[in-house]
Amino acid sequence: MDMDQLKRQAAARALEEVRDGMQLGLGTGSTAKHFVELLGERVAAGLKVIGVPTSEATRADAERCGVPLTTLDEIDHLDITVDGADEIDPELNLIKGGGGALLREKIVAAASDRMIVIADDSKWVPTLGSFPLPIEVIPFGLGATRRAIEKAFAECGVSGQMAVRKARGGGGDGHVFVTDGGHWIVDARLGCIADPPSLARALSTIPGVVEHGLFIGLASSAVLAGGEGIRVIERRKPKGD
Ligand SMILES: O=C(CO)[C@H](O)[C@H](O)COP(=O)(O)O
């Protein structure tokens, strides 16, 4: 079975948790896109749900699939967010933001009673950090922000090269990637993040950092699809711990 089929299987398993009347956060990326497509099929068959998309790309997918949409200004909470991840560790800490949507993804996940992470099992790692950590930054004063990030890395015992993300595709013309919020992303190749909660706290105190891709204590469960079938891993501690 290829990777894309595994992603769809994980999405289908998460869809089993969705009930009539639910308010859903809709993640971003190739795995979350499968969820939106499958959800659209259920909506066409009569399921009543409403979704909040975590990116303009997901908004377009949801509209194409006929999933009704709203915003966090119009509703006061979400029942479940279903989203992908770039890495998932055994504490269900995540690296997210490979698709550049980490800011909206984190706002939506934090507004949800439950976050279900869907992935093929290649995303399951013993320790976060092989995947470059996305850090969303304000372009103004980027030099100062980078120095502050390096200081935070040193205090947390990590180091690695940082690079401002470039836009992919469209001819690869070298333009800086701009997020839906109008910010830039710095990707940090850290290799191994021994203490993700400490690093998350340190990065959150830096003025030019809008958000970072460490999702700590937000995921309630992970649905991992692999050659051996589907594994559902529940978070041991309550959400927010
Ligand atoms: O965080 C994300 C986007 O910002 C995605 O969820 C993450 O990059 C995983 O994407 P995919 O499902 O395509 O592997």
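Strand 4 and strand 5 (residues 94–95) run antiparallel and are joined by 2 bridges, where strands are DSSP runs of E of at least two residues, numbered from the N terminus, and two strands pair if DSSP finds at least two bridges between them. The model is predicted, so that local features need pLDDT of at least 70 and side-chain atom pairs count only at pLDDT 80 or more, while totals for chains, interfaces and linings use all residues. Residues are numbered from 1 along each chain as its sequence is written, and side-chain values use heavy atoms, with hydrogens and water left out.

**Sheet**
- The bridge partner of I88 in strand 5 is L94.
- An open sheet is formed by 3 strands in the order 4-5-11, with antiparallel pairing.
- Strand 4 (87–88) and strand 11 (214–215) each have a single partner strand and stand at the edges, so one side of each is left without a neighbour in the sheet.

**Ligand shell**
- The ligand is surrounded by 17 residues (a heavy atom within 4 Å), and the closest are S30, T31, D86, G97 and K123.
- By class, this shell has 6 charged, 9 polar and 2 nonpolar residues (Asp, Glu, Lys and Arg count as charged; Ala, Val, Leu, Ile, Met, Phe, Trp, Tyr, Cys and Pro as nonpolar; the others, Gly among them, as polar).

**Polar contacts (N or O atoms within 3.5 Å)**
- A polar side-chain atom of T31 is 2.5 Å from a ligand oxygen atom.
- A polar backbone atom of A101 lies 3.0 Å from an oxygen atom of the ligand.

Methods: A polar contact is a pair of N or O atoms within 3.5 Å; within protein, one must be able to donate a hydrogen and the other to accept it, and residues adjacent in sequence count only if both atoms are side-chain atoms. Helices (H or I, at least four residues) and strands (E, at least two) are DSSP runs, numbered from the N terminus.
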